[in-house]
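Hi everyone, thanks for coming. Let me put the structure up, and then we'll walk through its packing together.

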Amino acid sequence: MRLDYLTIFPEFFDVLGISLLGKAVDNGIVDIHAHDLRTWTHDRHRTVDDTPCGGGAGMVMKPDPWGEAFDDLLGADPDPSVHVVIPTPSGTPFRQDDAAQLSHADRIVFCCGRYEGIDHRVIDYASEHWSVHELSLGDYVLNGGEVAALAMTEAIVRLVPGVLGNPESLSEESYSQDQEGLLEYPVYTRPASWRGWDVPEVLMSGHHGHIAQWRREQSRELTRRRRPDLLTDE
Ligand SMILES: N#Cc1c(-c2ccc3ccn(Cc4ccc(CN5CCCCC5)cc4)c3c2)n[nH]c1N
């Protein structure tokens, strides 16, 4: 899987060289390239923004640098196997299903906007050539797309075979289908007693059936309290 990031802050993506993702890069499972969008500017000030047509506060990102970056990175031929992800507050909510779908992609290009956003014709042009996903990280406002791209990257790449040491843990996670889409149960480790708090006895019983039942009950109760929207049969 090749991941490209178009951004005016490429250093944001240096962090992808550490931990699990770093190992995935070292193992050749993932190939990561961050690009400074100003590479595709030609004026002395390396300008990437301009005033919004129709007025309004702030600045909007000019289309030209994006178009020239697309030309260099992707060429002009349509290829639906290339996924262009555009983090935006107006995007559809990024969910685990999106991460699962994108984890099968061979190529993903993240377009990280700043200012008040990217000239919409960039999205229109990209949509004519590649598979475009306008996605939102959540219902809050960030200053740009980089943090969202990082979060989406981690959610996607951890699902790629060979990236996680113990893939079976994926099936026990919140939002995973194996977990019936419920929130995951509370976890514990040693010591059995810590500052007056004990590990639930059932987890020390060694009775796998009782443990599985307790974990299912905990997941359902936690989901009922915090995310009733995830419960389908109530
Ligand atoms: N994913 C994700 C995000 C983002 C995100 C992603 C990408 C960019 C690029 C730029 N910004 C900043 C910004 C801030 C406010 C506004 C609102 N509009 C402005 C124009 C007139 C109408 C209102 C837009 C753009 C971004 C924010 N925020 N929250 C998420 N979950």
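So, are α2 and α4 roughly parallel or roughly antiparallel to each other? Before I answer, a word on the source: this is a predicted model, where local features need pLDDT of at least 70 and side-chain atom pairs count only at pLDDT 80 or more, while totals for chains, interfaces and linings use all residues. Residues are numbered from 1 along each chain as its sequence is written, and side-chain values use heavy atoms, leaving out hydrogens and water.

Back to our helices, which are DSSP runs of H or I with at least four residues, numbered from the N terminus, as strands are from E with at least two. Helix α2 (residues 63–74) packs with helix α4 (residues 120–129) at about 25°, their axes 9 Å apart; the axes are lines fitted to C-alpha atoms over the stretch in contact, with angles from 0 to 180 degrees between N-to-C directions. Therefore α2 and α4 are roughly parallel, a word for angles under 35 degrees. In the contact (heavy atoms within 4.5 Å), α2 brings Pro63, Trp66, Phe70 and Asp71, and α4 brings Arg121, Val122, Tyr125 and Ala126.

Now the largest nonpolar core: it has 27 residues, and Leu3, Ile108, Phe110, Met152 and Ile156 have the most contacts inside it. Such a core joins buried Ala, Val, Leu, Ile, Met, Phe, Trp, Tyr and Cys through side-chain atoms within 4.5 Å, buried being under 20% relative accessible area with a 1.4 Å probe, protein chains only. Helix α5 gives the largest share, seven residues. Ile156 touches, among others, Met1, Phe94 and Phe110, not counting residues up to four places away in sequence.

Key
Buried means under 20% relative accessible area, exposed over 50%, partly exposed in between (1.4 Å probe, protein chains only). Angles under 35 degrees count as roughly parallel, over 145 as roughly antiparallel, 65 to 115 as roughly perpendicular and the rest as oblique.
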